[in-house]
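Let's take a friendly walk through a protein fold, one piece at a time. Keep the picture in view and turn it as you read.

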Amino acid sequence: MDEITRLASELGAGLRTLGEQASTAESCTGGGIAEAITRIPGSSAWFEAGYVTYSNRQKSAQVGVPAELLECFGAVSREVVEAMARGAQVRSSARYAVAVSGVAGPDGGSPETPVGTVWLAWADGERLFAARRQFPGDRGEVRRQTVQEALAGLIRLIAGEAPEGGAGHHGNGLEQG
């Protein structure tokens, strides 16, 4: 079993135990997180919805990201992934959500947001966490690492830990390197 499938299976076991559901809002992974989750037999009991919001227009249309956030901060930002996670929660009625937006490459980066930059956000009820990551490798590697980090963060979140990997951090807008 590969690492992504193992993580998805562990996530499913945890969500089944809690009797809760998760949803995803994805940009740079193009549905990869939802695909990993739905590899697991019985995932319909704990996976509510996956939104692939690759364009800015769809970030607004599918999960309600305000156009002003996209204009002010750009798609690859804490503000936008937090809004994506909240939107996925609201639209799906799932307790837990994860959202990702990044620059997978090989082009599209900038000095402020180089290729490999990914913002992730995790939501649990009213709690919201975010982290910026800089993943090495080619497009496939950046996407794979993003899916792994998204799933691992959800596992930590349902265990009552900080999903971004920071010890003891809870609340809004946490940025971890």
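Before we set off, one term is needed: helices and strands here are runs assigned by DSSP, numbered from the N terminus. This is a predicted model, so keep that in mind as you look around.

Ser43 sits in the loop between helix 2 (32–38) and strand 2. Is Ser43 buried or exposed? Its relative accessible area is 8%, and because buried means under 20%, Ser43 counts as buried. Apart from neighbours within four places in sequence, Ser43 is in contact with Ile37 and Thr38.

Now look for the sheet. Strands of a sheet pair through backbone hydrogen bonds, and they can do this in a parallel or an antiparallel way. In this model, five strands form an open sheet in the order 2-1-3-4-5, and the pairing is mixed. At the edges you will find strand 2 (47–52) and strand 5 (127–134), each of which pairs on one side only. From one strand to the next, the twist averages 10 degrees.

Let's follow some of the pairings. Strand 1 (residues 22–26) and strand 2 are joined in the parallel sense, over five bridges. To see this pairing on screen, find Ser23, which stands opposite Ala49 in strand 2. Strand 3 and strand 4 pair in the antiparallel sense, over seven bridges. Here Ala97 stands opposite Ala123 in strand 4. Strand 4 is also paired with strand 5, again in the antiparallel sense and over eight bridges. On that side, Ala123 stands opposite Leu128 in strand 5.

Strand 4 and strand 5 form a hairpin, with two residues between them. Gly125 in the turn has a positive phi of about 55 degrees.

How many residues of strand 4 are buried? Eight of the eight are, so strand 4 is largely enclosed by the rest of the structure. Thr117, Trp119, Ala121 and Ala123 point one way, while Val118, Leu120, Trp122 and Asp124 point the other way.

What lies across this part of the sheet? Helix 6 (residues 139–158) lies across strand 3 (96–102), strand 4 (117–124) and strand 5, and runs at about 25 degrees to strand 4.

Helix 6 has a helical partner too. Two packed helices are described by the angle between their axes and the distance between the axes. The axes of helix 1 (residues 3–18) and helix 6 come within 9 Å and cross at roughly 25 degrees. Angles under 35 degrees count as roughly parallel, and therefore helix 1 is roughly parallel to helix 6. Residues making the contact include Ile4, Leu7, Leu11 and Leu18 of helix 1, along with Val147, Leu151, Ile155 and Ile158 of helix 6. The crossing of these two helices is left-handed.

Next comes helix 5 (residues 78–92). Its 15 residues reach 21 Å from the first C-alpha to the last, close to the 21 Å expected at 1.5 Å a residue. Among the buried residues of helix 5 are Val80, Val81, Met84, Ala85 and Ala88. Arg86 is also in helix 5, but its relative accessibility is 23%, which means that Arg86 counts as partly exposed. Leaving out neighbours within four places in sequence, Arg86 is in contact with Ala123, Gly125, Glu126, Arg127 and Leu128.

Our last stops concern the backbone itself. Most residues other than glycine have a negative phi, and most peptide bonds are trans. Helix 5 is followed by Ser93, which has a positive phi of about 65 degrees although it is not a glycine. Ser93 lies in the loop between helix 5 and strand 3, and because its relative accessibility is 66%, Ser93 counts as exposed. What kind of peptide bond runs from Gly105 to Pro106? That bond is cis, with omega near 5 degrees. Look for Pro106 in the loop between strand 3 and strand 4.

Methods
Residues are numbered from 1 along each chain as its sequence is written. This is a predicted model: local features need pLDDT of at least 70, side-chain atom pairs count only at pLDDT 80 or more; totals for chains, interfaces and linings use all residues. Side-chain values use heavy atoms; hydrogens and water are left out. Helices (H or I, at least four residues) and strands (E, at least two) are DSSP runs, numbered from the N terminus. The expected span of a helix is 1.5 Å times one less than its number of residues. Buried means under 20% relative accessible area, exposed over 50%, partly exposed in between (1.4 Å probe, protein chains only). Two strands pair if DSSP finds at least two bridges between them. Axes are lines fitted to C-alpha atoms, for helices over the stretch in contact, and angles run from 0 to 180 degrees between N-to-C directions. Contact means heavy atoms within 4.5 Å. Angles under 35 degrees count as roughly parallel, over 145 as roughly antiparallel, 65 to 115 as roughly perpendicular and the rest as oblique. A crossing is left-handed if the near helix is turned anticlockwise from the far one by less than a right angle, and right-handed if clockwise.
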